[in-house]
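Biologist: Hi, I'm new to this one. Could you walk me through it?

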Amino acid sequence: MAAANCFKHGTILPVSANLQHKQLPPRNSCTINNELKGNRNMMLMMGLSGRHGKASKRVGMIRCSGRSIEDFIGGDLVKFDLGRWLSDVEEHKALAVYSPHEGGYEGRYLNRLRYQGYYFLDLSARGLGDPETTLTKVHPVCPPHLGKQPISRWYFPPEVDYRLAALPPKAKGLVVWIIEAKVLSKAELQFLALLPTLRPKVRVIAECGNWRKFVWKPLEEISGLTANEG
């Protein structure tokens, strides 16, 4: 009773009195068991054990969903979609590709086309000008004069027709691979999608952006020539 009155009026009790009157929940309490279990699971997840909190053998493991066989046998080296890649190039003839930001993946798909007998014309969309004029017509090029030389204009043959005329007899065709094609307008992409129709031995690959993995879609759908069913 005295202890209760002292506690009521705010008097500080001795340590022995606090320990004597402190009531602990029973051992079989669900609350205590759940708290202990939660603390133990937290320590196991953090990899801590022992009295001093030293790191021990890791008990938990973080697993990622959506694993496939590519994650275990080197999916970055062995591409299981190369067969679909070749069939889509032959079917659609103009593709918009999206590669990872770190780069390097598109080279495996390029080499597979090279093994099939294709030759390549690598161009950058920046500074390409009008694709129709540059690729299929005689087009002028003005070299920089730097303010000291007179402004001159040189004429170059069509890039695609010139390369097609120089192909070996056994070549399967010419692949026009355009990087940074995301800067092109919709009208320019539409012409690139129609270029294999104008030049049957030409295939067009346009890098239109980036994605987590190497993916591609028909350039006709990206440029708006056909309705996107996806």
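**A chat about the fold**

Modeller: Happy to, and keep in mind that this is a predicted model. Let's start with strand S9, residues 215-218, where the side chains alternate.

Biologist: Which strand is S9 joined to, and how do the two run?

Modeller: Strand S3, residues 94-99, is joined to S9 by four bridges, and the two run antiparallel. Within that pairing, Trp-216 of S9 has Val-97 standing opposite.

Biologist: What's the order of strands in the sheet?

Modeller: The order is S4-S7-S8-S3-S9, five strands in an open sheet with mixed pairing. At the edges are S4 (118-124) and S9, each of which pairs on one side only. On average, neighbouring strands here are turned by 25° against each other, direction ignored.

Biologist: And how do S7 and S8 run, parallel or antiparallel?

Modeller: Parallel: five bridges join S7 (residues 173-179) to S8 (residues 202-210). In general, strands of a sheet pair through backbone hydrogen bonds, in either a parallel or an antiparallel way.

Biologist: Now the helices. What does H4 touch?

Modeller: Helix H4, residues 82-92, packs on the sheet and touches S3, S4, S7, S8 and S9. The direction of H4 makes about 140° with that of S3.

Biologist: Which strands does H8 lie across?

Modeller: H8, residues 186-198, lies across S3, S7 and S8, and runs at about 150° to S8.

Biologist: Let's zoom in. Where is Ala-94, and is that residue buried or exposed?

Modeller: Ala-94 is in strand S3. Its relative accessible area is 2%, so Ala-94 counts as buried, the cut-off being under 20%.

Biologist: Which residues are in contact with Ala-94?

Modeller: Apart from neighbours within four places in sequence, Ala-94 is in contact with Leu-192, Ala-193, Pro-196, Val-204, Pro-218 and Leu-219. Take Pro-218: 124 residues separate it from Ala-94 in sequence, yet their C-alpha atoms are 6.2 Å apart in space.

Biologist: What about contacts across the chain as a whole?

Modeller: Counting contacts between residues at least 6 apart in sequence, 71% join residues at least 24 apart.

Biologist: Last one: how many helices and strands are there, and what share of residues is buried?

Modeller: The protein chain has nine helices and nine strands, and 28% of its 230 residues are buried. The chain exposes about 16600 Å², with carbon and sulfur atoms supplying 56% of that area.

Methods:
Residues are numbered from 1 along each chain as its sequence is written. This is a predicted model: local features need pLDDT of at least 70, side-chain atom pairs count only at pLDDT 80 or more; totals for chains, interfaces and linings use all residues. Side-chain values use heavy atoms; hydrogens and water are left out. Buried means under 20% relative accessible area, exposed over 50%, partly exposed in between (1.4 Å probe, protein chains only). Contact means heavy atoms within 4.5 Å. Accessible areas come from the Shrake-Rupley method with a 1.4 Å probe; for residues, only the protein chains shown count as cover. Two strands pair if DSSP finds at least two bridges between them. Axes are lines fitted to C-alpha atoms, for helices over the stretch in contact, and angles run from 0 to 180 degrees between N-to-C directions.
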